[in-house]
Amino acid sequence: MSEAIEPVIDVEGLREEGVDLALAEQVAPDRDISVKVGDALVEVKNLTMKFGGLTALDDVTFDIKRGEILGLIGPNGAGKTTCFNAMTGVYKPSSGKVLLEGQSLGGLAQHKITRRGLARTFQNIRLFGEMTALENVVVGLDARHRTSVGGALLRLPTHVREEKSSIERGMALLEFVGIADHAHFLSRHLPYGHQRRLEIARALATDPKLLCLDEPAAGFNPAEKEELMTLIRTIRDDGYTVLLIEHDMKLVMGVTDRIVVLEFGKKIADDVPKVIREDPKVVAAYLGEPEDDLA
Ligand SMILES: Nc1ncnc2c1ncn2[C@@H]1O[C@H](COP(=O)(O)OP(=O)(O)OP(=O)(O)O)[C@@H](O)[C@H]1O
Ligand SMILES: [Mg+2]
């Protein structure tokens with residue numbers, strides 16, 4: 001914990017890898033959340049995303065209430081990841097809008113949306129492979145601090161003050177997701193499951209109001225999935241709101257408070273898990289999917 005690490009953030013290398021450094025140069029989001037627990041933290045309104053002739057999201061409307069774990073499910077290609085991408089500024093929606101605490105996120109760049117309080121993980125892990133686990137988290141923390149990656153490299157006085165608390169908080173986050181013993185491993189050397197947990201720690205480092213997880217348990221065995229769901233519940237109990245894409249229906253039923261179902265880009269259901277499980281439209285949508293997806 002007290003062990004000092006050298007700032008080995010290789011800015012040029014990251015640029016060559018195509019990493020968006022702007023994210024790390026942003027100031028922290030304000031943790032104050034203006035909506036009450038149980039009220040709509042995020043409102044997705046008539047969101048439509050077209051790619052040429054394909055409508056990947058078709059007039060989708062739903063709320064995410066502060067303090068809940070909302071599941072977003074649907075067969076392959078239903079539009080789940082596209083929904084994340086349209087919410088987090090990866091894509092500019094063709095029409096419709098996304099409001100966070102009543103404020104539109106329309107047209108904001110990804111790093112600004114992160115700063116407002118929307119953090120996400122990726123279906124295909126995206127870590128800085130040549131950085132240690134701890135450094136990956138510190139990059140997320142830097143999104144909250146006033147000094148930039150440039151400041152970190154120049155070791156400006158403000159940065160030196162912030163560095164110690166960044167390392168301590170980074171370690172705390174690694175501890176929280178259960179991989180503190182691997183803090184000084186290069187992230188590309190981490191076991192696969194640890195990489196998935198590290199992505200969550202890095203997203204949490206930005207102190208998000210909403211944490212969006214895109215199939216965080218993909219590739220896990222049942223025991224690992226169960227552990228991850230326990231972690232997600234802990235994250236919620238810590239006061240975060242979670243939007244979870246997960247293919248395994250049994251898992252999603254067990255961990256979520258409510259579920260939105262997409263099929264061919266349209267919302268076909270939005271209800272508590274036990275109603276979703278019995279919904280004939282949902283059952284029909286999953287026909288042809290692997291049997292064990294439908295618990
Ligand atoms: N950038 C893009 N350009 C063109 N088509 C896209 C793009 N991104 C997604 N699509 C298409 O939009 C549809 C929805 O894809 P999306 O990745 O959102 O599905 P998904 O529900 O996340 O599926 P999966 O469960 O397989 O991850 C698919 O038909 C996909 O091919
Ligand atoms: Mg997807």
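Author: Happy to! The chain has eleven helices and ten strands. Please keep in mind that this is a predicted model. Buried residues make up 43% of its 295 residues. Of the contacts with a separation of 6 or more, 71% join residues 24 or more positions apart.

Reader: Let's begin with Asp214; why does this residue count as buried?

Author: The cut-off for buried is 20 or more other C-beta atoms within 10 Å. Asp214 has 21 such neighbours, so the residue counts as buried. Asp214 sits in strand S7, residues 210–214.

Reader: Which residues does Asp214 touch, leaving out those up to four places away in sequence?

Author: Asp214 touches Thr81, Phe84, Arg120, Thr121, Phe122, Gln123 and Ile245. As for Phe122, its C-alpha atom is 5.5 Å from that of Asp214, although the two are 92 residues apart in sequence.

Reader: And what makes Lys97 partly exposed?

Author: A residue is partly exposed when its count falls between the limits, which are 12 or fewer for exposed and 20 or more for buried. Lys97 has 15 C-beta neighbours inside 10 Å, so the label is partly exposed. Lys97 belongs to strand S4 and touches Lys45, Ser104 and Gly106, residues up to four places away in sequence not being counted.

Reader: Why is Asn46 called partly exposed?

Author: Asn46 has 13 other C-beta atoms within 10 Å, and therefore it is partly exposed; exposed would need 12 or fewer. Pro93 is 47 residues from Asn46 in sequence, and their C-alpha atoms are 10.0 Å apart.

Reader: Where does Glu101 lie, and what is its phi?

Author: Glu101 is in the loop between strand S4 (95–100) and strand S5 (103–104). Phi of Glu101 is near 50°, a positive value in a residue other than glycine. Glu101 has 17 C-beta neighbours inside 10 Å, so it counts as partly exposed.

Reader: What makes H7 largely enclosed?

Author: Twelve of the 14 residues of H7 are buried, so the helix is largely enclosed by the rest of the structure. Among the buried residues are His194, Arg197, Glu199, Ala201 and Leu204. Just after H7, Asp207 takes a positive phi of about 55°.

Reader: Why is H2 said to be mostly covered?

Author: Seven of the eight residues of H2 are buried, namely Lys80, Thr82, Cys83, Phe84, Asn85, Ala86 and Met87. Just after H2, Gly89 has a positive phi of about 85°.

Reader: Which element gives the most to the shell around ligand 1?

Author: H2 gives the most, with three residues. Strand S2 (54–65) and helix H2 (80–87) each supply at least two residues of that shell. The residues surrounding ligand 1 include Phe51, Leu54, Asn76, Lys80, Thr81, Thr82 and Gln123. By class, the shell has four nonpolar, seven polar and one charged residues.

Reader: Finally, how many residues are in the largest nonpolar core, and which have the most contacts inside it?

Author: The largest nonpolar core has 71 residues, and those with the most contacts inside it are Leu72, Val137, Leu174, Ala201, Leu211, Val242 and Leu244. This core draws at least three residues from each of domain 1 (1–30 + 124–207) and domain 2 (34–117 + 212–227 + 242–295). Leu174 touches Ala133, Leu134, Val137, Ile179, Ala180, Ala183 and Ala201, not counting residues up to four places away in sequence. In soluble globular proteins, nonpolar side chains tend to be buried together.

Key:
Residues are numbered from 1 along each chain as its sequence is written. Chains are lettered from A and ligands numbered from 1 in the order in which they are written. This is a predicted model: local features need pLDDT of at least 70, side-chain atom pairs count only at pLDDT 80 or more; totals for chains, interfaces and linings use all residues. A residue is near a molecule or strand if its C-beta atom, placed from the backbone, lies within 6 Å of it. Helices (H or I, at least four residues) and strands (E, at least two) are DSSP runs, numbered from the N terminus. Ala, Val, Leu, Ile, Met, Phe, Trp, Tyr, Cys and Pro count as nonpolar, Asp, Glu, Lys and Arg as charged, and the others, Gly among them, as polar. A nonpolar core is a set of buried Ala, Val, Leu, Ile, Met, Phe, Trp, Tyr and Cys residues joined through C-beta atoms within 7 Å. Domain bounds come from an automatic or database domain assignment. Two residues are in contact if their C-beta atoms, placed from the backbone, lie within 7 Å.
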